[in-house]
Amino acid sequence: MNGGSVNGFGAEGGVNGHDGPRTRERLAPVVPDLRHLRDDGHIARLLGRVAPGIAPPLLTAVAGALVVAVLSVADRGQLTGITLFAPVAALLLSGAASGHPHDGRFDLFVPPVLRVTEYGYLAVLGSASGVPGPMVFVLLVAIVCHHRDDVARPAVGVDRPLGVRHAALGWDGRMLVIAVGGAFSALTAAYGILAGYLVVLMVRECVRTWSATPVSDVRTRPATPGGTDPGDRSIPHDGDGGQSASGTNGEA
């Protein structure tokens with residue numbers, strides 16, 4: 001065995017010592033900024049530029065979530081003026097803190113609070129107002145996949161283009177789209193259009209990413225001298241290991 005490699009991996013981390021530093025640099029995890037994980041839309045970011053660093057992020061996020069919950073429970077989540085005002089209240093509260101550096105001890109809880117606020121509002125309003133369940137489910141799954149992409153990509157040192165993230169409208173923009181659709185008595189159409197738009201956006205970005213990935217980046221495990229993978233075992237002709245089909249003492 002070569003002293004500079006272990007199991008075919010060189011000291012630099014690549015297979016047989018090749019492309020080690022480049023591969024490790026490309027796949028180095030990146031700690032994302034909490035403001036990136038907030039998934040703010042255009043309006044929230046605009047409010048955050050007015051007085052950056054003034055409003056505490058966690059306090060405003062929790063206050064916005066409580067307001068949305070109270071307004072939704074007030075009319076049992078059904079389509080009313082009070083329920084449609086909930087996204088505006090959450091936006092005015094949480095959006096003002098979007099420009100904060102999020103360097104507090106407990107600011108890491110801000111993105112989960114915003115996620116619960118958005119998911120809860122869309123689920124409760126849709127189910128209580130007669131929107132078909134599959135349509136609500138597809139919209140929530142599309143948003144969850146969008147958020148997972150924001151979390152998963154920095155773990156391998158890459159990120160989505162800024163334009164694609166902005167095109168997803170942000171948590172505030174999506175809630176406002178649903179509220180506007182409800183105000184014009186087109187709540188079901190708003191759910192369907194928003195779900196279709198996010199699915200198309202997600203599929204387009206997946207295809208773009210797959211097409212832009214060089215084939216040489218795919219890692220393969222070197223074959224053993226025998227040409228077979230060490231994890232594969234040949235199956236004997238007598239599949240029972242040579243034991244007779246009768247009992248253990250040879251008797252039927």
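Residues are numbered from 1 along each chain as its sequence is written, and side-chain values use heavy atoms, leaving out hydrogens and water. Because the model is predicted, local features need pLDDT of at least 70 and side-chain atom pairs count only at pLDDT 80 or more, while totals for chains, interfaces and linings use all residues.

**View 1. Helix α8 crosses helix α11.** Let us start with α8 (residues 133–152) and α11 (residues 187–212), whose axes come within 9 Å and cross at roughly 35 degrees. Helices here are DSSP runs (H or I, at least four residues), numbered from the N terminus. Axes are lines fitted to C-alpha atoms over the stretch in contact, with angles from 0 to 180 degrees between N-to-C directions. The crossing is left-handed, that is, the near helix is turned anticlockwise from the far one by less than a right angle (clockwise would be right-handed).

**View 2. Helix α10 packs against helix α11.** The axes of α10 (residues 170–183) and α11 lie 7 Å apart, at an angle of about 150 degrees. The two helices are therefore roughly antiparallel (over 145 degrees), and their crossing is right-handed. From α10, Arg 174, Val 177, Ile 178, Gly 181 and Gly 182 take part, and they meet Leu 187, Ala 190, Tyr 191, Leu 194 and Leu 198 of α11. This contact has seven nonpolar, two polar and one charged residues.

View 3. The structure holds zero disulfides (pairs of cysteine sulfur atoms within 2.5 Å). Cys 145 has a relative accessible area of 33% and Cys 206 one of 27%. Both count as partly exposed, the class between buried (under 20%) and exposed (over 50%), with a 1.4 Å probe and protein chains only.

**View 4. Trp 171 is buried.** This residue of helix α10 has a relative accessible area of 1%. Leaving aside neighbours within four places in sequence, Trp 171 is in contact with residues including Arg 38, Asp 39, Leu 91, Leu 114 and Glu 118. The C-alpha atoms of Trp 171 and His 147 are separated by 10.0 Å, with the two residues 24 apart along the chain.

Definitions and conventions: Angles under 35 degrees count as roughly parallel, over 145 as roughly antiparallel, 65 to 115 as roughly perpendicular and the rest as oblique. Contact means heavy atoms within 4.5 Å. Ala, Val, Leu, Ile, Met, Phe, Trp, Tyr, Cys and Pro count as nonpolar, Asp, Glu, Lys and Arg as charged, and the others, Gly among them, as polar.
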